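Here is a friendly walk through one protein model for someone meeting it for the first time. Have the structure open while you read.

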Amino acid sequence: MTDARLFAPAVARNRDPIAATLRDMLPGSGLVLEIASGSGEHALHLARAYPALRFQPTDPSAEALASIAAWREAEGPANLLPPLRLDVLEDAPFPPAQAVLCINMIHIAPWNAALGLLRHAAAALPAGAPLILYGPYLRAGVETAPGNIAFDADLRARNPEWGIRALEDVAAAAAPDFALERVVEMPANNLIVLFRRGVA
């Protein structure tokens, strides 16, 4: 039987810093809904790191869903749930959750995907719950690293609808459902961005 597990090289480099930074952002209990889980390696790592939480990985890709399921079957702890097919561009709602996490999606997707993520997350989360995004962003008044400039050009060459987003644009689109609470500098010119759900 062919092993369906996918391996994303960046995960090995960034999973520990991400897990450490999330420590005071994630709730103490409940369901963390991960959007665009890709290979499933982040969900696996975070489920191990936070055994009191349940992690629900999702992805629209059949290949990714097969990889997540294979990682879960081979190595997954009990708090890593079976993957769900979920597409932010579709109308299907997110399941209710105590936190929503999205790693490296917004720049490798059309802008409508970011809007769909924000809309569905607002409907799925209770007041005060976190929406946590990870990836590269442009910021007004902050010099963009040369590597991110090159990465943005590469993304737009591959698909004109892709590209590194301005954090100010994401925050404006998130309002009034979400307030931008914190921005944390991460390795390799990435950020963790914490939004907090307002009163529904």
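Is Asn 79 buried or exposed? Keep in mind as you look that this is a predicted model. Asn 79 turns out to be buried, because its relative accessible area is 9%, and the cut-off for buried is under 20%. You'll find Asn 79 in the loop between α3 and β3. Leaving aside its neighbours within four places in sequence, Asn 79 is in contact with Ala 47, Tyr 50, Pro 51, Leu 53, Arg 54 and Phe 55.

**The sheet**

Next, look for the strands. Seven of them, in the order β3-β2-β1-β4-β5-β7-β6, make up an open sheet with mixed pairing. At the edges sit β3 (84–85) and β6 (178–186), each of which pairs on one side only.

| Strand pair | Sense | Bridges |
|---|---|---|
| β1 and β4 | parallel | 4 bridges |
| β4 and β5 | parallel | 4 bridges |
| β6 and β7 | antiparallel | 8 bridges |

You can pick out single residues facing each other across these pairs. Glu 34 stands opposite Leu 101 in β4, and Cys 102 stands opposite Leu 133 in β5. Over at β7, Phe 195 has Leu 180 opposite it.

How many of the residues of β4 are buried? The count is 5 of its 5 residues, so to speak a strand that is mostly covered. Ala 99, Leu 101 and Ile 103 point one way from β4, while Val 100 and Cys 102 point the other way, and all are buried.

**Helices lying on the strands**

α1 lies across β4 (99–103), β5 (130–135), β6 and β7, and its direction is at about 135° to that of β6. α2, for its part, lies across β1, β2 (53–59) and β4, running at about 180° to β2.

Is Ala 62 buried or exposed? Ala 62 counts as exposed because its relative accessible area is 62%, and the cut-off for exposed is over 50%. How far apart are the C-alpha atoms of Ala 62 and Asn 104? They are separated by 18 Å, with the two residues 42 apart along the chain.

**Pockets**

Now for the empty spaces. Rolling a probe the size of a water molecule over the atoms shows where such space is left.

The largest pocket has a volume of about 800 Å³. Its lining takes in 36 residues, and Ile 103, Asn 104, Met 105, His 107 and Ile 108 are the ones nearest the centre. Ile 103 has come up already, as one of the buried residues of β4.

Which elements supply the lining of the largest pocket with at least two residues each? They are α1 (9–21), β1 (30–35), α2 (41–49) and α5 (146–158). The largest share, 5 residues, comes from α1. Sorted by class, this lining has 20 nonpolar, 12 polar and 4 charged residues.

The second largest pocket has a volume of about 160 Å³. Among the residues that line it are Tyr 137, Leu 138, Arg 139, Glu 185, Asn 189 and Leu 191. By class, the lining of the second largest pocket divides into 5 nonpolar, 3 polar and 3 charged residues.

**Backbone details in two loops**

Asn 189 also shows up in the backbone angles. It sits in the loop between β6 and β7, and its phi is positive, about 60°, although Asn 189 is not a glycine. Asn 189 is partly exposed, with a relative accessible area of 42%.

Ala 188 lies in that loop between β6 and β7 too. Phi of Ala 188 is near 60°, again a positive value in a residue other than glycine. Is Ala 188 buried or exposed? Ala 188 is exposed, because its relative accessible area is 63%, against a cut-off of over 50%.

The other loop to visit is the one between α6 (167–174) and β6, which is the place of Pro 176. What is the form of the peptide bond from Ala 175 to Pro 176? That bond is cis, with omega near 5°.

How values were computed. Residues numbered from 1 in each chain as written. Predicted model: local features only at pLDDT ≥ 70, side-chain atom pairs only at ≥ 80, totals over all residues. Heavy atoms only, no water. 1 Å grid on protein atoms, 1.4 Å probe; cavity = no way out; pocket = protein on both sides within 12 Å on 5 of 7 lines; lining within 4 Å. Points joined across faces, edges and corners; volume = space filled by probe spheres on them. Nonpolar A, V, L, I, M, F, W, Y, C, P; charged D, E, K, R; others polar. Pairing = 2+ DSSP bridges. Contact = heavy atoms within 4.5 Å. Axes fitted to C-alpha atoms, helices over the stretch in contact; angles between N-to-C directions. Buried < 20%, exposed > 50% of the residue type's maximum accessible area, 1.4 Å probe, protein only.
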